Amino acid sequence: DVGSYTSVAIDTYGYAHISYYGGIGNLKYATNAFGFWITSTVDSAGDVGLYTSIAVDTSGKVHISYYDRTNGDLKYATNVSGTWATTTVYRNGDAGLYTSIVLDAYGYVHISYYDSTNGDLKYTNNVLGVWFTFTVDRSGDVGGYTSLQVDASGYAHISYFDGTNGDLKYATSESGSWVRTTVDRSGLVGEYTALGLDASGYAHISYYDTTNGDLKYATNASGSWATATLDSSQDVGRHNSIAVDKSGHSYISYQDATNGNLKYATDESGVWIITTVDSSGV
């Protein structure tokens, strides 16, 4: 029973690297970088490997953030040294759910995650050679469904769910200190967030509207936040993922829960086009 909590990254040669949870409580990893698929167990110390997120550096080395359910910790694994090494990054209370990892232009690691003990959004990086952790938002129960990107200047951008108010929120450090914004407060919205940045550093967020069962999208590319409902055909929009190209066009994959289908939305043509990609069974 393997394959939940998956995350995928592509290296500079176009090879795929996948982190995922093994059903017996292991963090696992798969790659086709050798021309065929190889799988390995990265961490088996307790029930580990939930909420994985993966990034690959310019040398093809892998970096994975994940949750240690046995100890309630945020963990990090990398094969930079040539063999897998794991580190407990944060061990205070129950924290490390909904991890999201990215590398900046210098190869430093940035991770956002949820602290369930305190109901806080947290963020950590190793820019100074050691792990520094910041509480980004502690206003109520916030920080679920985090999605992190780092811009060309090394500033962090995070989308996340405000569980107390049922809102989509966004935080960034681009001013030099953390600034938090409520992007959408229209009903219960903001679960399953995914964030991408365009070449100018503007944010594009896909997320789920729980109240209406819709896929929604938000961006600040115009200088202020604008939200739109992309798909309202029954219950759609959970388990979404977004990619943004250099021109600022978005590409979103997501679940159609009503029909058990995989769907895809893009505005590459200038208008949003919705496609059912896979409808071959539930």
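This is a predicted model: local features need pLDDT of at least 70, side-chain atom pairs count only at pLDDT 80 or more; totals for chains, interfaces and linings use all residues.

Student: Is the pair of Tyr145 and Phe161 stacked or edge-to-face?

Tutor: The ring centres of Tyr145 and Phe161 are 6.2 Å apart, with their planes at 80°. Planes over 60 degrees apart fall in one class, so the pair of Tyr145 and Phe161 is edge-to-face.

Student: How many residues apart in sequence are the parts that this pair ties together?

Tutor: Tyr145 is a residue of strand S13 (residues 142-150), whereas Phe161 belongs to strand S14 (residues 156-162). Tyr145 is buried at a relative accessible area of 17%, and Phe161 is buried at 11%. The parts tied together by the pair are apart in sequence by 16 residues.

Student: What kind of pair do Tyr170 and Trp225 form, and is Trp225 buried or partly exposed?

Tutor: With ring centres 4.9 Å apart and planes at 65°, Tyr170 and Trp225 form an edge-to-face pair. Tyr170 lies in strand S15 (residues 167-172) and Trp225 in the loop between strand S19 (214-219) and strand S20 (226-231), so the pair ties together parts that are 55 residues apart in sequence. Tyr170 has 4% relative accessibility and counts as buried, whereas Trp225, at 24%, counts as partly exposed.

Student: What is the volume of the second largest pocket?

Tutor: The lining of the second largest pocket comprises 18 residues, with Tyr123, Asn125, Gly154, Tyr155 and Ser173 nearest its centre. By class, ten lining residues are nonpolar, seven polar and one charged. The volume of the second largest pocket is about 250 Å³.

Note on methods
Residues are numbered from 1 along each chain as its sequence is written. Side-chain values use heavy atoms; hydrogens and water are left out. On a 1 Å grid over the protein atoms alone, a cavity is a set of points where a 1.4 Å probe fits but cannot get out, and a pocket is an open set with protein on both sides within 12 Å along at least five of seven lines; lining residues have an atom within 4 Å of a point. Grid points are joined across faces, edges and corners, and a volume is the space filled by probe spheres set on the points. Ala, Val, Leu, Ile, Met, Phe, Trp, Tyr, Cys and Pro count as nonpolar, Asp, Glu, Lys and Arg as charged, and the others, Gly among them, as polar. Rings of Phe, Tyr and Trp (its six-membered ring) pair if their centres lie within 6.5 Å; planes under 30 degrees apart count as stacked, over 60 as edge-to-face and the rest as tilted. Helices (H or I, at least four residues) and strands (E, at least two) are DSSP runs, numbered from the N terminus. Buried means under 20% relative accessible area, exposed over 50%, partly exposed in between (1.4 Å probe, protein chains only).
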